[in-house]
Amino acid sequence: MSVLVFADSTDGKFKKTAFEVVSYGKKVAEQLGSNVIALTIKANDASELYKYGAEKVLTVSNDALNTFNAKEYASVISQAATAQNADVVIVDASIDSLYLAPIVAVNLEAGYASNVVDAPTSTSPFTVKRKAFSNKAFSNTVIATDKKIIGLAKNSFGIHENPVTGTSESFEATLAESGVKSEKIERVTGKVTIADADIVVSAGRGLKGPENWGMIEELAEVLGAATACSKPVSDLGWRPHGEHVGQTGKPVAANLYIAIGISGAIQHLAGINASKVKVVINTDPEAPFFKAADYGIVGDAFEVVPKLIEKLKAFKAS
Amino acid sequence: MKILVCISHVPDTTSKINFTENDTKFDTNGVQFVINPYDEFSLTRAMWFKEKQGATVTVVNVGNATTEPTLRKALAIGADDAIRVNAEAVDGFSVAKELAAVVKNGGYDLVLAGKESIDYNGGMVPGMLAALTDFNFVNGCVGMEVDGNSVTLSREIDGGNETLSTSLPLVVAGQKGIVEEKDLRIPNMRGIMMARKKPLSVVEPVGIDNATSIQSFEKPAPKGAVKLVDADNVDELINLLHNEAKVI
Ligand SMILES: Cc1cc2nc3c(=O)[nH]c(=O)nc-3n(C[C@H](O)[C@H](O)[C@H](O)COP(=O)(O)OP(=O)(O)OC[C@H]3O[C@@H](n4cnc5c(N)ncnc54)[C@H](O)[C@@H]3O)c2cc1C
Ligand SMILES: Nc1ncnc2c1ncn2[C@@H]1O[C@H](COP(=O)(O)O)[C@@H](O)[C@H]1O
């Protein structure tokens, strides 16, 4: 009996969520009185995971896995789960993990709970709290199958240090016939992605036009933040689709979400509510966003944002 | 090409979310149900294949009789026929198994679905369906073209896009981009009239044990009031974010 955690990496480097899922796996293993095993595929330094409680790390280094492929990755994870006699498999909520987890569930005939936000509230029956209705509620879900898959929501459990003396060993998996081939990957480099970001600076139709995004990008740069936008802004073509956040766009679970010239429609809030601290800057004190935010400034973005940039630069320099 | 579009029946995005029966049931009182927004994008893409490449389009939902108006709406948008699997949809895995039976019986080449249902946000049915039927699978699809048996797609990845090639039979979970917002169709009067005459068959479920079940719901704790900072005093905001919220 054990808990297997898939610790995801990009270009050999662990994602922050890898440390969060390992921290979480450690907690679940404690609750079950079993041990946690982390699985890495093409990661550079497996030992980084010992700090978060992984006593054993399996490393897979097959070159055929250089590029992510959901079916192949799912097959490797499933084989590791079987080999390690794991009854709980934990993955993060990255785009790639969301792609592979349902396949692992079928491979292992396991019940799968995605969007889980906390440690199991009971291990018998195995019960987890999940986000539902696009952050407007939670559901307490029982997983009834012997094997269980948990998809952990980002920034929900947190990263907890729990250093152990770990060991790592290589794991040989048989590769699956994938059927889907990656032809080309285009990634904006040197920019923080919404998925990775601790801070997201987001702007809406209140900015009037795409020519005014310079100050939004500058604010994001000062904060080391990702940029995002409301749905109409991407529909109007002012910003790329990849920046659209909300119920029907990308989810945001950042530490800090700054909304500038965004009214705070229910569909927008649904996608960003999982963020810890929300700041709104809006000319209209009646804008619904003020009911959802922790901090707010009633004011004109064209005056407030440049001032904020200036003061933040001074703050960062001090 | 025979296309099956999986339609999830969900509360409209503006719905107030409440629960009844000791927080064990979703309160549907006054809630308007719609085609899941992601499925609407995929359905629109299917209509394009129908019109440009002569595909036939069937829509399917696993649910009880209350979901039929949603299927009729999909017929009014232009699907040829509809199937309702007469089972309560409580768990993604059992829904996927019911759909797998429909796919096997119907001989479909392409299954289009949405990236997730906006009610339970499972994000699992399409991937499970693909694995159960041994179809190829692409998730989070933002563009696709079919040429004979070959399919080229793009999907969203963190910070960018990936182009993929694969072949039919295939399951695709789509989102905005598979068609654009402006391409979405509102059913017109003629479509609504025609939809009434189109076949909607009800099939009995295979009947599968649920892998997961919802025991209860909770609402997030009420939030405290917003702290307002004067527009002339952004230093105070920086101070609060640094010392109180500890996020910068
Ligand atoms: C099915 C469906 C799904 C949807 N999904 C999403 C989604 O995922 N994400 C999303 O964002 N929306 C979504 N929407 C749209 C949503 O309902 C709103 O229309 C949208 O969020 C509004 O965007 P906005 O706040 O940028 O624009 P507006 O509502 O136009 O608000 C602009 C705001 O800017 C303020 N403002 C104006 N000038 C200034 C200034 N100089 N300085 C500061 N503030 C200023 C105004 O007071 C106003 O509050 C969806 C809608 C539907 C029907
Ligand atoms: N009950 C259902 N009937 C038909 N299709 C469904 C059902 N539930 C989910 N789907 C499809 O699967 C997609 C993802 O749903 P989910 O896994 O529930 O988030 C949806 O966008 C639909 O296309």
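Predicted model: local features only at pLDDT ≥ 70, side-chain atom pairs only at ≥ 80, totals over all residues.

Now for the interface as a whole. 85 residues of chain A are in contact with 74 residues of chain B. The size of an interface is often given as the accessible area lost when the parts come together. Here, chain A and chain B bury about 6700 Å² between them, with 58% of it on carbon and sulfur atoms. In chain A, the residues that lose the most area to chain B are A:Tyr99, A:Phe133 and A:Tyr295, which together make up 12% of what that side buries. Charges come into it too: the rule finds nine salt bridges across the interface of chain A and chain B. A:Lys129 forms a salt bridge with B:Glu218, and their closest N and O atoms are 3.1 Å apart.

Next, have a look at helix 6 of chain B, residues 234–244. Its residues B:Val234, B:Leu237, B:Ile238, B:Leu240 and B:Leu241 are buried. Looking down the axis of helix 6 of chain B, you'd see its buried residues fall within an arc of 160°, so they line one face of the helix. The background is simple: an α-helix has 3.6 residues a turn, so residues three or four places apart point the same way. What does that face pack against? Just after helix 6 of chain B, B:Lys246 takes a positive phi of about 55°.

Last stop: an unreviewed UniProt entry places a "binding site" on chain A, with A:Arg205, A:Gly261 and A:Gln267 among its positions. A:Arg205 sits in the loop between strand 14 (199–203) and helix 4 (214–223) of chain A. Its relative accessibility is 52%, so A:Arg205 counts as exposed. Beyond its sequence neighbours within four places, A:Arg205 is in contact with residues including A:Trp238 and A:Gly261, and A:Gly261 is itself one of the UniProt positions. A:Gln267, in helix 6 (residues 266–272) of chain A, is partly exposed at 29% relative accessible area. Leaving out residues up to four places away in sequence, A:Gln267 touches A:Gly246 and A:Gln247 along with B:Thr13 and B:Thr14.

Note on methods: Residues numbered from 1 in each chain as written. Chains lettered and ligands numbered in written order. Heavy atoms only, no water. Buried < 20%, exposed > 50% of the residue type's maximum accessible area, 1.4 Å probe, protein only. Helix = DSSP H or I, 4+ residues; strand = E, 2+ residues; numbered from the N terminus. Arc of directions from axis to C-beta. UniProt positions renumbered as here; feature names shortened; annotations may be inferred. Contact = heavy atoms within 4.5 Å. Buried area = accessible area lost by both parts, 1.4 Å probe. Salt bridge = Lys/Arg side-chain N within 4 Å of Asp/Glu carboxyl O.
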